[in-house]
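Me: I'd like to learn how to read a protein model, one feature at a time. Could you walk me through this one?

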Amino acid sequence: NNKKETYSDYERPVRVLYFEDNEALAYLIQKKLAVKGLIVDIARDGKGGLVMYRKGSYDVIVVDYQMPIHNGLEVVNILLSEGELPPTIMVTGEGNEKLAVEAMKSGVGDYIVKDLEGRYIALLPSVIDRVLRQRQLIDEKRRIEEEKEKLIEELKEALEKVKTLKGLLPICSHCKKIRDDKGYWEKIEVYIKNHTEVDFTHGICPECMEKKFPQYLNNSKNDKDGK
């Protein structure tokens, strides 16, 4: 039941790399977390754990501060120097909370205090779930920001493609043709259509109708007068 309640939202089993040099304790942790549906690999020291992380594909790392070769904080800093820190939990001894706070300033998602009675092991699944969900939120926010930036760029490109007319246009005072940049004279509607997103429909205004087709106006007037 706990497995379903805690990890049902993940598409595949959650893989954990646990840095723990105490062999008996590492075995106990591995068994306890396996009951919760977590796949756990154990690193015996900081250097070996870094090698395992680089070769593997882990969703979460849990780092004990007290580790041979590289301590937990050194492991975190090395991973940070190589790229983005994965969802990470720091395990510290009692009285070392300041170290945990320093680790969180470096990007560690959470920390847990290792008590002598081993009660912290029961808390690990919920803490692992919490840092995973934190990373999901961060990734979702990043995805939204990337989509926003992409949309802004697409909008900029679209605006750049919109043709606009600016400046002075050389136009014939008689036929109203416009001279283009190459020196050719075009009808005004052709020029505007080629340089903007505007298209034309044609009709006749009343003034032109009166000048060009007075007979139609006279026939229309006679029809209204009943002649």
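Me: Let's start with one residue. Where is C175 found?

Reply: C175 sits in the loop between α6 and β6 (178-179). Those element names come from DSSP runs numbered from the N terminus: helices are H or I runs of at least four residues, and strands are E runs of at least two. Before we go on, remember that this is a predicted model: local features need pLDDT of at least 70, side-chain atom pairs count only at pLDDT 80 or more, and totals for chains, interfaces and linings use all residues. Residues are numbered from 1 along each chain as its sequence is written, and side-chain values use heavy atoms, with hydrogens and water left out.

Me: How far apart are C175 and I188 in sequence and in space?

Reply: They are 13 residues apart in sequence, and from C-alpha to C-alpha they are 9.4 Å apart in space.

Me: Now zoom out. How many helices and strands does the protein chain have?

Reply: The chain has nine helices and seven strands. Of its 227 residues, 28% are buried. The accessible surface comes to about 15700 Å², and 53% of that belongs to carbon and sulfur atoms. Such areas come from the Shrake-Rupley method with a 1.4 Å probe, and for residues only the protein chains shown count as cover.

Me: What share of contacts joins residues at least 24 apart?

Reply: A contact means heavy atoms within 4.5 Å. Among contacts between residues at least 6 apart in sequence, 54% join residues at least 24 apart.

Me: And how do I read the inside? How many residues does the largest nonpolar core have?

Reply: A nonpolar core is a set of buried Ala, Val, Leu, Ile, Met, Phe, Trp, Tyr and Cys residues joined through side-chain atoms within 4.5 Å. Here the largest one has 21 residues, and Y18 and V60 have the most contacts inside it. At least two residues of this core come from each of β1, α2, β2 (39-43), β3 (60-64), β4 (88-93) and α6. The element that gives the most is α6, with seven residues. Apart from this core lies another, of 17 residues, including L17, F19, L73 and A103.

Me: Which residues does V60 touch?

Reply: Leaving out residues up to four places away in sequence, V60 touches V14, R15, V16, L17, P87, I89, I128, V131 and L132.

Me: What about charged side chains?

Reply: Side chains of opposite charge can pair when their charged atoms come close. We call it a salt bridge if a side-chain nitrogen of Lys or Arg is within 4 Å of a carboxyl oxygen of Asp or Glu. By this rule the count is 13 salt bridges. Take E20 and K114, whose closest N and O atoms are 3.2 Å apart. This pair links distant parts of the chain, 94 residues apart: E20 is in the loop between β1 (15-19) and α2 (23-35), while K114 is in strand β5 (residues 110-114). E20 counts as buried because its relative accessibility is 1%. E20, D64 and K114 are also linked in a network of salt bridges.

Me: What does the salt bridge of R130 with D110 tie together?

Reply: The closest N and O atoms of R130 and D110 are 2.8 Å apart. R130 lies in helix α6 (residues 120-161) and D110 in strand β5, so the pair ties together parts that are 20 residues apart in sequence. R130 is partly exposed at 38% relative accessible area, whereas D110 is buried at 11%.

Me: How many residues apart are R142 and D139 in helix α6?

Reply: They are three residues apart, so about one helical turn separates them. They form a salt bridge too, with the closest N and O atoms 3.6 Å apart. R142 is partly exposed at 35% relative accessibility, and D139 is partly exposed at 34%.

Me: Where is D115 found?

Reply: D115 is in the loop between β5 and α6, and it is buried, with a relative accessible area of 9%. A polar atom of its side chain lies 2.9 Å from the backbone nitrogen of R119. The backbone nitrogen of Y120 also lies 2.9 Å from a polar atom of the D115 side chain.

Key: Buried < 20%, exposed > 50% of the residue type's maximum accessible area, 1.4 Å probe, protein only. Polar contact = N/O pair within 3.5 Å; in protein donor to acceptor, adjacent residues only side chain to side chain.
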